[in-house]
Amino acid sequence: MFEQRIKPLEVAQRLRVSRKSACRWHQLWRDGGIEVLDPRGPSGSRCRLSPRCPDKLAAYLEEGPAARGWVEDRVWTAARVATPVGRKFHVSYGVSGATRPMHRLGFSPQVPVRRVAERDEEAVKVWKEATWAEAKGPGRSAGAASASRTGQASPAGRPEAGPGDDADTPRSCR
């Protein structure tokens, strides 16, 4: 685009990037040509697993959490993946770091639903329909109050004339 004499601001709009980025690219292009604009590959830290490990990890995750002892809810959480990755591949990941190799392999960490074993779904439904509706109440209408702390008072509450006001001058010109 720069070779076609398109301005950096238009490049930014077309590519949906910031003007600052487009101007920086333009400066790099002017100083070093198109070669300096070649992508350098993915950013961020490199994967700490060896090249063979992702396939093994994928097979491990495919077996499911039940194969590793988590039978109550059968979901892979980030914490559940971090521990065995450290044991199996000798790579230490924190809980948030364990999500990166999972995402690369097409998995997403899950959050288990925590419910008591004695939960009575019918009783919960009845409570929501009767008790919660009553406790919640009807609420307030949208026009009942102003949401602005700095909003002006209504015109009805303003004095008609103040000191120094001329009654012949329209209010918009005072």
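Q: What pLDDT do local features need here?
A: Residues are numbered from 1 along each chain as its sequence is written, and side-chain values use heavy atoms, with hydrogens and water left out. This is a predicted model, so totals for chains, interfaces and linings use all residues, side-chain atom pairs count only at pLDDT 80 or more, and local features need pLDDT of at least 70.

Q: Is alanine 66 buried, partly exposed or exposed?
A: Buried means under 20% relative accessible area, exposed means over 50%, and partly exposed is in between (1.4 Å probe, protein chains only). Alanine 66 has 28% relative accessibility, so this residue counts as partly exposed.

Q: Alanine 66 lies in the loop between which two helices?
A: Helices are DSSP runs (H or I, at least four residues), and strands are runs of E, at least two, all numbered from the N terminus. The protein has 6 helices and 0 strands. Alanine 66 sits in the loop between H3 and H4.

Q: Are H3 and H4 parallel, antiparallel, perpendicular or oblique?
A: Axes are lines fitted to C-alpha atoms, for helices over the stretch in contact, and angles run from 0 to 180 degrees between N-to-C directions. Under 35 degrees counts as roughly parallel, over 145 as roughly antiparallel, 65 to 115 as roughly perpendicular and the rest as oblique. The axes of H3 and H4 come within 12 Å and cross at roughly 130 degrees. That makes H3, relative to H4, oblique.

Q: How many charged residues are in the contact of H3 with H4?
A: Ala, Val, Leu, Ile, Met, Phe, Trp, Tyr, Cys and Pro count as nonpolar, Asp, Glu, Lys and Arg as charged, and the others, Gly among them, as polar. H3 brings Cys53, Lys56, Leu57, Tyr60 and Leu61, while H4 brings Val81, Pro84, Val85, Lys88 and Phe89. By class there are 8 nonpolar residues, no polar ones, and the charged count is 2.

Q: At what angle do H1 and H2 pack?
A: Arginine 16 is found in the loop between H1 (8-15) and H2 (19-32). The axes of H1 and H2 are 8 Å apart, and the packing angle is about 125 degrees.

Q: What is phi of arginine 16, roughly?
A: Most residues other than glycine have a negative phi. Arginine 16 is exposed, with a relative accessible area of 79%. Although not a glycine, arginine 16 has a positive phi of about 55 degrees.

Q: Where is histidine 90 found?
A: Phi of histidine 90 is near 60 degrees, a positive value in a residue other than glycine. At 70% relative accessibility, histidine 90 counts as exposed. Its place is the loop between H4 and H5 (99-104).

Conventions
Contact = heavy atoms within 4.5 Å.
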